[in-house]
Amino acid sequence: MICVTETAMDIPVTALDEQALSYAEIKALCAGNPLIREKMNLDVDVARLKVLKADHQSKQYRLEDKLLKYFPSEIERNKGYIAGFQRDLKTVEAHPLPKEDFVGMEVKGRKFTDKEAAGEAILAVCKDYKGRDAAVPIGSYRGFAMELTYDSFRKDFEIILKGSMSHRATLGTDARGNITRLDNCLAAMPDRMQKVQDTLDNLYQQQAAAKEESGKPFPQEEELREKSARLAELDAALNMDERDVPVAGEDLSDVAEVAETKAAYGKPSVLAQLKEKMEQAAGEPHHNRPREAVAL
């Protein structure tokens, strides 16, 4: 920081390049003024608080959007999943799996009562599959329509058991084992429904928390208001409006003229006061003026 003592005005005015005198230099020359120091600190504080307020408002907008759109749609979607699982569970209950006997299966219009034969029929359909990732209807099992599809990424065949929901089972190379995989897929339905129920409960909790946070005011609003008001007072006191601040290429004498005009109406500017002191110091005899060091 540049420090200039009040009595170090024996520096000629011409030593300060009027064409290059900038706003930052004026502030540095006047750094001994506590009001300017206070203003600089307030500039930082007010800017920081405005950023925090903008972030708070952004979060409020996101909460409102979630309350209006996201939560209602997600809650309804998951409630629909649960209703679908409940209907499919009733279908499973209506077509129970015998402990030892095979319940029967239809593949390509042919009914099979032997588990091994039904599994072989499914493998034969896989060999003839030309769906290129598209699901192809191949029959029915335990009250569910069966569709065959191929996962080109994993290079696996899958059977989709279609009810109100879709239940996927990955096929292997064992005929009887594939039937077991279909039964295990249906048996896992309660666990899948419970996961959806957990997701729904979590959505309700998030919705309640969002409602509680929505509409809350910015917690530092009073601090921002007070500091903004004080900053406005300092701006008025220091008379640092745009006309008093030199811009690139502007003659400082023009700025000084405006400052002098304002001073005539009882509003002296910092720049005018600075120039007046420098002119007074320059007019004093050299031997009568005390010399003090200028620290740079």
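G104 counts as buried because its relative accessibility is 17%, where buried means under 20% relative accessible area, exposed over 50% and partly exposed in between, with a 1.4 Å probe and protein chains only. The residue lies in the loop between α2 and β1; helices (H or I, at least four residues) and strands (E, at least two) are DSSP runs numbered from the N terminus. Leaving aside neighbours within four places in sequence, G104 is in contact (heavy atoms within 4.5 Å) with F112 and Y141. G104 and R142 are 38 residues apart in sequence, and their C-alpha atoms are 7.8 Å apart in space.

This is a predicted model, in which local features need pLDDT of at least 70 and side-chain atom pairs count only at pLDDT 80 or more, while totals for chains, interfaces and linings use all residues. Residues are numbered from 1 along each chain as its sequence is written, and side-chain values use heavy atoms, with hydrogens and water left out.

The protein chain has 8 helices and 6 strands, in the sequence order α-α-β-β-α-β-β-β-β-α-α-α-α-α. Of its 296 residues, 32% count as buried. Among contacts with a separation of 6 or more, 63% join residues 24 or more positions apart.

A nonpolar core is a set of buried Ala, Val, Leu, Ile, Met, Phe, Trp, Tyr and Cys residues joined through side-chain atoms within 4.5 Å. The largest such core has 37 residues, of which M105, V107, I122, M146, L148, I159 and L182 touch the most other members. Elements giving two or more residues to this core include β1, α3, β4 and α4. Its largest share, 7 residues, comes from α2. A second, separate core of 6 residues includes V46, L49, L231 and L234. Beyond its neighbours within four places in sequence, V107 is in contact with F112, A118, A121, I122, V125, I138, G139 and M146.

| Property of α4 | Value |
|---|---|
| Residues 175-187 | 13 residues |
| First C-alpha to last C-alpha | 19 Å |

The expected span is 1.5 Å times one less than the number of residues. The buried residues of α4 are A175, N178, I179, L182, D183, C185 and L186. They lie on the same side of α4 because they cover an arc of only 155° around the axis, taken from the directions from the helix axis to the C-beta atoms. At the N-terminal end, D174 caps α4, with a side-chain oxygen 2.5 Å from the backbone nitrogen of G177.

Technical notes. A polar contact is a pair of N or O atoms within 3.5 Å; within protein, one must be able to donate a hydrogen and the other to accept it, and residues adjacent in sequence count only if both atoms are side-chain atoms.
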